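Have the viewer open while you read.

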Amino acid sequence: SESDIISIDAEIPSKFLAPNVWEIVDIFAPYGFGNEPLIFLMHDVPIAQIQIVGKGKPGHVKMLIEAGGYRWPALFWNAADQIGKNFEQGDQISLIFQLSRSYYQQVETLQLNILELERK
């Protein structure tokens, strides 16, 4: 349906995903229509770690993905049912995501919030 279509702002080759990506993203602040975060597409990204987290159902999928020489924390909210056992460490995926900053004990880390993913 129309409402399921995700409008992608930019594709990032995985080798270019580096911590300074925020400097580029911030140039476009305050972002799109209604100030939504920018939505990115990235192909051929290996999963370094994957686990299901969260107390509720269906649970969230927490991953580390490798891109640009870094390991990036990635979260796919409420997607445990959807992902289930279909994905595992070492799989190459394509993903649609938004970047977010998370703060833990005053340390800022970049995190990918996954909107959609598929195995290559």
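The largest nonpolar core of this predicted model has 27 residues, and those touching the most other members are M42, M63, I65, I93, L95, L112 and L117. Two or more core residues come from each of α1 (21-27), β2, β3 (60-67), β4 (70-76), β5 and β6. A nonpolar core here is a set of buried Ala, Val, Leu, Ile, Met, Phe, Trp, Tyr and Cys residues joined through side-chain atoms within 4.5 Å. Buried means under 20% relative accessible area, using a 1.4 Å probe and protein chains only.

Take L117 from that list: leaving out residues up to four places away in sequence, L117 touches M63, F76, I83, F87, I93, S94 and L95. A contact needs heavy atoms within 4.5 Å.

Now for the strands. Helices (H or I, at least four residues) and strands (E, at least two) are DSSP runs, numbered from the N terminus. Two strands count as paired if DSSP finds at least two bridges between them. Here's how β5 pairs up:

| Strand pair | Sense | Bridges |
|---|---|---|
| β2 (residues 40-53) and β5 | antiparallel | 5 bridges |
| β5 and β6 (residues 107-119) | antiparallel | 12 bridges |

On the β6 side, R101 stands opposite L110.

Is Q98 buried or exposed? Its relative accessible area is 14%, so Q98 counts as buried. Not counting residues up to four places away in sequence, Q98 touches P37, L38, I39, Q111, L112, N113 and L115.

Zooming out, the protein has 2 helices and 6 strands, and they follow the pattern β-α-β-β-β-α-β-β along the sequence. Of its 120 residues, 37% are buried. Among contacts between residues at least 6 apart in sequence, 57% join residues at least 24 apart. The accessible surface is about 7,700 Å², and 52% of that belongs to carbon and sulfur atoms; the areas come from the Shrake-Rupley method with a 1.4 Å probe.

A bit of housekeeping: residues are numbered from 1 along each chain as its sequence is written, and side-chain values use heavy atoms, with hydrogens and water left out. Since the model is predicted, local features need pLDDT of at least 70 and side-chain atom pairs count only at pLDDT 80 or more, while totals for chains, interfaces and linings use all residues.

How values were computed. Buried < 20%, exposed > 50% of the residue type's maximum accessible area, 1.4 Å probe, protein only.
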